[in-house]
Amino acid sequence: MCKVIAIANQKGGVGKTTTTSNLGIGLAKQGKRVLLIDADAQGSLTASLGFREPDKLEETLATVMSSIINDEEIELDYGILKHDEGIELMPGNIELSGLEVSLVNVMSRELVLRSYIEQIKDKYDYILIDCMPSLGMITINVFACADSILIPVQAAYLPVKGLEQLIKTIGRVKRQINPKLTIDGILLTMVDNRTNYAKDISSMLAENYKDRVRIFKNSIPISVRVLFVSLSEPKSLLFLQIK
C-alpha cells in the first residue's frame with residue numbers, strides 16, 4: 001500500500017525541500033520504493049538532487065499534468081529520473097507556473113495530479129511531494145491526492161504565525177475534495193536550542209496548535225549536517241513516526 005505524503009508550507013525557506021529529499025533517501029535506505037515529486041516551479045528539489053538545470057528538462061511534472069489535461073496517454077515511467085541514492089524523481093521546473101494559470105479553466109482542475117498518482121502509486125511504497133510556497137492550484141492538486149501532510153516550520157515568529165491559513169486550507173480540502181486527508185504533524189526546523197527565542201517559539205507553537213495538530217518531539221537543529229546524521233539514528237528517524 002503506497003502512502004502519499006505532501007511536504008507543505010506556504011512560507012518559503014522553512015526546510016520543505018531538505019525535509020523531502022532526506023526523508024525520501026532515508027526511506028530508500030530502509031528498502032522502501034520511493035518516488036519524490038517536485039511540485040515547485042523553482043525546481044529546488046530537482047536541483048538539490050543533482051539535476052542542476054531543471055528548466056532545460058523536457059519531461060517534467062508540468063508536461064505530465066498537461067498530458068492528463070489533454071487526455072493523452074503516457075508511459076508509467078515517463079519523465080521519471082533515477083538517482084544514485086535509490087530514489088526516483090519526477091522533476092519540476094518553471095513550466096509549473098504557466099500550468100497553474102491554465103488550470104483555472106480545466107474541468108475537475110483540483111484532481112489532475114490525482115489522476116496521475118492513481119496510475120503510478122502501485123509501483124511505490126511512498127510518494128513524497130515537495131510543494132511550492134503558496135496555496136495555489138498546484139498545491140491544492142497535491143492536497144487532493146495526498147494521504148497526509150507534513151508541515152515543516154522554521155523556529156521563527158512569522159512562519160509560525162502563518163500556519164493558521166495553511167491549516168484552514170487543509171481543512172477545506174478535506175471537507176470538499178479529499179476526506180482521507182490528515183496532517184502527520186508539524187516539524188520544527190532550523191532550531192537554535194541555545195537561544196530563549198527558539199524556546200519561546202516552540203512554546204507558542206504548542207500553545208496554539210497542540211490540541212489540533214501533532215507536534216513532533218524531534219526537531220531539526222540549525223545545522224547543515226543534522227538531517228544526514230538523523231537518518232543514521234533509527235530512534236530519531238522522522239519517517240518511523242509517520243508510517
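Reader: Is aspartate 71 buried or exposed?

Author: This is a predicted model. Exposure is judged from relative accessible area, with values over 50% counted as exposed. Aspartate 71 has a relative accessibility of 71%, and therefore counts as exposed. The residue sits in the loop between H3 and strand S3 (81–82).

Reader: What is the phi of aspartate 71?

Author: Aspartate 71 is not a glycine, yet its phi is positive, at about 60°. Serine 108 also has a positive phi, of about 50°, and is likewise not a glycine.

Reader: Let us turn to asparagine 9. Is it buried or exposed?

Author: The cut-off for a buried residue is a relative accessible area under 20%. Asparagine 9 has 2%, so it is buried. Its place is the loop between strand S1 (3–7) and helix H1 (16–29).

Reader: Which backbone atom does the side chain of asparagine 9 reach, and which residues does asparagine 9 touch?

Author: A polar contact is a pair of N or O atoms within 3.5 Å. The side chain of asparagine 9 reaches the backbone oxygen of proline 152 at 2.9 Å. Leaving aside residues up to four places away in sequence, asparagine 9 touches Val14, Lys16, Met132, Pro133, Ile151, Pro152, Val153 and Leu166.

Reader: How is threonine 20 to be read: is it buried or exposed?

Author: Threonine 20 is in helix H1. Its relative accessibility is 0%, so threonine 20 counts as buried. A polar atom of its side chain lies 2.8 Å from the backbone oxygen of lysine 16. Beyond four places in sequence, threonine 20 touches Ile7, Leu36, Leu45, Leu128 and Asp130.

Reader: I now wish to read helix packing. At what angle do H3 and H5 pack?

Author: An angle of 65 to 115 degrees counts as roughly perpendicular. Helix H3 (residues 61–69) and H5 pack at about 100°, with axes 9 Å apart. The two helices are therefore roughly perpendicular.

Reader: Which residues of H3 and H5 meet?

Author: H3 contributes Leu61, Val64, Met65, Ile68 and Ile69, while H5 contributes Val112, Leu113, Ser115, Tyr116 and Gln119. By class, the contact of H3 with H5 holds 8 nonpolar, 2 polar and no charged residues.

Reader: How do the axes of H5 and H6 cross?

Author: The axes of helix H5 (residues 112–120) and helix H6 (residues 137–145) come within 7 Å and cross at roughly 45°. That angle makes H5 oblique to H6. The crossing is right-handed. Val112, Leu113, Arg114 and Ile117 of H5 make the contact with Asn141, Val142, Ala144 and Cys145 of H6. These residues comprise 6 nonpolar, 1 polar and 1 charged.

Reader: Leu113 belongs to H5. Is leucine 113 buried or exposed?

Author: Leucine 113 has a relative accessible area of 1%, and is therefore buried. Residues up to four places away in sequence aside, leucine 113 touches Leu61, Met65, Ile129, Asn141, Val142 and Cys145.

Reader: Finally, what is the packing angle of H6 and H8?

Author: H6 and helix H8 (residues 163–176) pack at about 55°, their axes 10 Å apart. H6 and H8 are therefore oblique to each other, and their crossing is right-handed. Ile140, Phe143 and Ala144 of H6 meet Leu166, Thr169, Ile170 and Val173 of H8. This contact of H6 with H8 has 6 nonpolar, 1 polar and no charged residues.

Key:
Residues numbered from 1 in each chain as written. Predicted model: local features only at pLDDT ≥ 70, side-chain atom pairs only at ≥ 80, totals over all residues. Heavy atoms only, no water. Axes fitted to C-alpha atoms, helices over the stretch in contact; angles between N-to-C directions. Helix = DSSP H or I, 4+ residues; strand = E, 2+ residues; numbered from the N terminus. Parallel < 35°, antiparallel > 145°, perpendicular 65-115°, else oblique. Left-handed = near helix turned anticlockwise from the far one by under 90°. Contact = heavy atoms within 4.5 Å. Nonpolar A, V, L, I, M, F, W, Y, C, P; charged D, E, K, R; others polar. Buried < 20%, exposed > 50% of the residue type's maximum accessible area, 1.4 Å probe, protein only. Polar contact = N/O pair within 3.5 Å; in protein donor to acceptor, adjacent residues only side chain to side chain.
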